[in-house]
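Welcome, and thanks for taking a look at this one with me. Have the sequence and the 3D view open side by side as you read.

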Amino acid sequence: MSDGTAGTATVEDLDVRLERHRVELTGYCYRMLGSSFEAEDAVQDTLVRAWRSFDKFEGRSSLRSWLYRIATNVCLDMLTAGNKRARPMDLTEATPLARAALSPRPDHTWLEPMPDTRVLPTVQDPAEAAVAKESVRLAFMAALQKLPPKQRAVLILREVLAWKASEVAELLDTSVASVNSALQRARATLAERPEAGADAAVSDPLDEEQQKLLERYVAAFEGYDMAALTALLHEDAIITMPPFDLWLTGHDDITGFMTTIGAACEGSRLLPVEVNGLPGFAQYKPDPEKGGFTPWAVQILEISDGRLTGFHFYLDTQRWFPLFDLPLHLDGDPDEVEQGA
């Protein structure tokens, strides 16, 4: 954990030292809060508080530990309202296609997507990198939302970030026994809640079979070939579309939706993105007014046993596409357009 004691920091280097921790702190706050934008706000608040009180930092712990203490307090304060982020299948039963209706819920309802680059620091150990990716996947993030805030913090610090119980106890101003008890309760809660749409078999990096599956998905989706898409879907596959609470399961209802209510997606183009430790795509659908393609959704795909088990379409493009540094219009072939243009 240690990155050295505080020592004497000049105004010039303090910003650099604090900024060095932004990505991992964002990952921590994102796991705590379930919101991309709230996580970034929490980290900014953390760094501002650290800057303002740095003269009080005595260096008895590492700078990293001190920042995590501040970030934890910020997140716990933000969670006092009791809001728990969710996926559509955490809130309602699956809807048959015959009764499908697009009913939006407020933004604060939803577990939000996050680009990998904003929450996953570069690490050399492949096993450590794999754990980090697994810990921001939608199914795990949704499970974290079931936990009380302090249990959530303990579980993340102990099992994701591999802190010692004594270190967590110091951070939370509690005892090792209390930390161990909170961890046991958190594990028990997660164990009794099998998660719909769990994505247990995504390799890091993707293996050859998974990469070919994604290539076939792009061809099927861009070609709007429902027979080809059906061949890629697990029989219990799930599709969600936040901010709408509708979710569908089974390839018949999924492809049926795509050819009826979702028919405007025909002719779309997909750009790859890395999101929540999973493969994903930025979807652009044809723009009848300007020509080319207009943003429509950030897609997150879940894979298991050689099939797509879930795909999640986040439709608030004015929020998500800037977060992912994605262009807000494609003039032609997306392969010719650089992300962030």
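Predicted model: local features only at pLDDT ≥ 70, side-chain atom pairs only at ≥ 80, totals over all residues.

The points below go through strands, a helix, salt bridges and a cavity in turn.

1. Let's start with the strands. Strand S3 covers residues 269-275 and runs antiparallel to S4, with seven bridges joining the two. To find the pairing in your viewer, look for Leu271, which stands opposite Ala282 in S4. Two residues separate S3 from S4 in their hairpin, and in the turn Asn276 has a positive phi of about 50 degrees.

2. How many residues of strand S4 are buried? The strand spans residues 278-286, and eight of its nine residues are buried, leaving S4 mostly covered. On to its pairing with strand S5, residues 293-304: the two are antiparallel and share seven bridges. Ala282 faces Val298 of S5 here, and Phe281 stands opposite Gln299 in S5. The hairpin of S4 and S5 has six residues between the strands, and Gly291 takes a positive phi near 80 degrees there.

3. S5 deserves a moment to itself. Ten of its twelve residues are buried, so S5 is largely enclosed by the rest of the structure. S5 also pairs with strand S6 (residues 307-314), again through seven bridges and in the antiparallel sense.

4. Now for a helix. Helix H4 is made of 16 residues, numbers 63-78, and its first and last C-alpha atoms lie 23 Å apart, close to the 22 Å expected at 1.5 Å a residue. Is H4 mostly covered or mostly open? It is mostly covered, as twelve of the 16 residues of H4 are buried. Among the buried residues are Leu63, Trp66, Leu67, Tyr68, Ile70 and Val74, and the list also includes Arg64, Ser65 and Thr72.

5. The structure holds 14 salt bridges. In general, side chains of opposite charge can pair when their charged atoms come close. One of these bridges links Arg118 and Glu40, whose closest N and O atoms are 2.7 Å apart. Arg118 sits in helix H6 (residues 116-119) and Glu40 in helix H3 (residues 36-52), so this pair ties together parts that are 78 residues apart in sequence. Arg118 counts as partly exposed at 25% relative accessibility, and Glu40 is likewise partly exposed at 23%.

6. Which residue forms a salt bridge with Glu159? The partner is Arg187, with 2.4 Å between the closest N and O atoms. This pair also links distant parts of the chain, since Glu159 lies in helix H9 (residues 149-160) and Arg187 in helix H11 (residues 176-191), 28 residues apart. Glu159 is partly exposed at 39% relative accessibility, and Arg187 is partly exposed at 43%. Elsewhere, salt bridges that share partners join Glu38, Arg85, Asp107, Glu112, Asp316 and Arg319 into one network.

7. Another pair is worth a look: Asp90 and Arg87 form a salt bridge in which the closest N and O atoms are 3.2 Å apart. Buried or exposed? Arg87 is buried, with a relative accessible area of 3%, whereas Asp90 is partly exposed at 23%.

8. Next, the space inside. The count comes to one cavity of 30 Å³ or more. The largest cavity holds about 80 Å³ of space. Its lining consists of Asp107, Trp110, Glu112, Pro242, Pro243, Tyr314, Leu315, Asp316, Arg319 and Trp320. Six of the lining residues are nonpolar, four are charged and none is polar.

9. One last stop is Asp252, which belongs to helix H14 (residues 251-258). Asp252 counts as exposed, at 58% relative accessibility. Asp252 and Thr230 are 22 residues apart in sequence, and in space 7.9 Å separates their C-alpha atoms.

Notes. Residues numbered from 1 in each chain as written. Heavy atoms only, no water. 1 Å grid on protein atoms, 1.4 Å probe; cavity = no way out; pocket = protein on both sides within 12 Å on 5 of 7 lines; lining within 4 Å. Points joined across faces, edges and corners; volume = space filled by probe spheres on them. Nonpolar A, V, L, I, M, F, W, Y, C, P; charged D, E, K, R; others polar. Salt bridge = Lys/Arg side-chain N within 4 Å of Asp/Glu carboxyl O. Helix = DSSP H or I, 4+ residues; strand = E, 2+ residues; numbered from the N terminus. Buried < 20%, exposed > 50% of the residue type's maximum accessible area, 1.4 Å probe, protein only. Pairing = 2+ DSSP bridges. Expected span 1.5 Å × (residues − 1).
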